[in-house]
Amino acid sequence: MTAAVVSAAVFSLIGTIPASAQDEPLAVAVTVDGQDIADRTVTIDPAKPVELGLTAINRGTQPVRVRSVRVSGVALALTFFSYDTTVPFEVPAGARVTRTLVLDLAELDGQAMGLLPGSVELLDADRELAASAALVTDIRGSFWSVYGLFGLAVLSLTVLAWATALLALARHRLPRSRARRALRFLPAGFGTGLTAVVTLSVLRVMPPEPALEVPVVLGAAAIALLLGYLTPHTQPADDATIPITTRPIDPTTEGYPG
C-alpha cells in the first residue's frame with residue numbers, strides 16, 4: 001500500500017512535462033467537433049463519434065512526416081485511455097497541413113469517467129513524438145469504468161489504512177518512537193490525498209492535473225504524519241505493574257488446613 005501510493009505521488013510530481021516545454025519545429029492546433037480545445041473542457045460521449053480536426057504547422061527548415069495520431073487521458077501519472085489512428089501525411093518546411101478524423105470512442109465507456117487531462121499527439125515514422133496539444137476532457141463514461149474502479153480501490157485501501165492506524169492507537173499498540181508513529185499514519189495520509197483527487201475528478205469539480213494533485217496528496221500526507229507524531233503513547237494495561245503485599249501465615253491459626 002505504502003509503496004504504491006508513494007510511487008503514484010512521486011510520478012505525478014515528475015511525470016508530466018508540458019508540450020510547450022519541448023523545443024520542436026512542428027506544432028499542432030486541435031479542434032473537437034469544430035471547436036478549439038484551448039481554454040475549454042471537451043465533453044466526450046462514448047456513444048457518439050468525435051470529429052477531430054488537426055492543423056500541423058511546420059516552423060522548421062525540414063519536412064516532417066507524420067505517421068499516426070494518438071489521443072490519450074492521464075491521471076496520477078497513469079494512462080487510463082489511449083487511442084492510436086494511422087494517418088500518414090507530410091508537412092513541408094514552413095507550411096501547414098490540415099486533416100480531419102472521425103473517431104469511434106465507444107470503448108471509452110468502460111475506461112474512464114469525469115474530468116481527465118489528456119493530449120493529442122502527432123507521432124512520426126519512428127513513433128516518436130513530433131507535436132502535441134494538451135486538453136481537458138469530460139468523459140461521460142460508466143462509474144464502473146477502469147478509472148471508477150481505481151477510485152474505489154484507492155478509497156478501500158485508504159479506509160483500511162486509517163482503520164489499522166486508529167485501531168493500533170486505541171489498543172495502545174503504536175511504537176514508542178514518535179517518528180515511527182508518524183510513519184504508521186503516512187499511508188493513510190497519501191491515500192486520503194489520492195481519494196480526494198479522484199473524487200474531485202469523478203464529480204467533475206477539478207481535473208487531476210499536477211498543479212492540483214501534488215499539493216493535495218503531499219498536503220494530506222504531511223497532515224497524517226503530524227497527527228501520527230502527536231499521538232500519545234500509553235503503556236498497555238496488561239503491562240502495568242500492580243503492587244502486591246504479602247505476609248506469612250501462622251499455622252496455629254484456626255482454619256489452617258494443616
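Because the model is predicted, local features need pLDDT of at least 70 and side-chain atom pairs count only at pLDDT 80 or more, while totals for chains, interfaces and linings use all residues. Residues are numbered from 1 along each chain as its sequence is written, and side-chain values use heavy atoms, with hydrogens and water left out.

Starting with the overall layout, the chain has 4 helices and 9 strands. Here helices (H or I, at least four residues) and strands (E, at least two) are DSSP runs, numbered from the N terminus. Going along the sequence, the order reads α-β-β-β-β-β-β-β-β-β-α-α-α. Of the 258 residues in the chain, 40% are buried; buried means under 20% relative accessible area, exposed means over 50%, and partly exposed is in between (1.4 Å probe, protein chains only). Among contacts with a separation of 6 or more, 73% come from residues 24 or more positions apart, a contact being heavy atoms within 4.5 Å. The chain exposes about 14,700 Å², and carbon and sulfur atoms supply 59% of that area. Accessible areas come from the Shrake-Rupley method with a 1.4 Å probe, and for residues only the protein chains shown count as cover.

Next come the charges. Side chains of opposite charge can pair when their charged atoms come close. The structure holds 5 salt bridges, each one a side-chain nitrogen of Lys or Arg within 4 Å of a carboxyl oxygen of Asp or Glu. One of them joins Arg 65 and Glu 90, with the closest N and O atoms 3.1 Å apart. This pair links distant parts of the chain, since Arg 65 is in strand 5 (residues 64-75) and Glu 90 is in strand 6 (residues 78-91), 25 residues apart. Arg 65 is exposed, at 57% relative accessible area, whereas Glu 90 is partly exposed at 33%.

Asp 138 turns up in two of these pairings, one with Arg 140 and one with Arg 204. The N to O distance is 2.9 Å for Asp 138 and Arg 140, and the closest N and O atoms of Asp 138 and Arg 204 are 2.5 Å apart. Asp 138 lies in strand 9 and Arg 204 in the loop between helix 3 (178-202) and helix 4 (210-230), so the pair ties together parts that are 66 residues apart in sequence. As for accessibility, Asp 138 is buried at 7%, while Arg 140 is partly exposed at 43% and Arg 204 is partly exposed at 29%.

Now for the rings. A pair of aromatic rings is described by the distance of the centres and the angle of the planes. Rings of Phe, Tyr and Trp (its six-membered ring) pair if their centres lie within 6.5 Å; planes under 30 degrees apart count as stacked, over 60 as edge-to-face and the rest as tilted. By this rule there are 5 aromatic pairs. One of them is Phe 143 with Trp 144, an edge-to-face pair at 5.2 Å centre to centre with 80° between the planes. Phe 143 sits in the loop between strand 9 (129-139) and helix 2 (146-170). Phe 143 is partly exposed at 38%, and Trp 144 is exposed at 59%.

Elsewhere, Phe 80, Tyr 147 and Phe 150 form one aromatic cluster. The ring of Tyr 229 has the charged end of Arg 178 over it, 5.5 Å from its centre; this label needs NZ of Lys or CZ of Arg within 6 Å of the ring centre and within 35 degrees of the ring normal.

Finally, the backbone. Leu 76 has a phi near 55°, a positive value in a residue other than glycine. Leu 76 is in the loop between strand 5 and strand 6 and is buried, at 2% relative accessibility. His 172 also has a positive phi, near 60°. His 172 lies in the loop between helix 2 and helix 3 and is partly exposed, at 34%.
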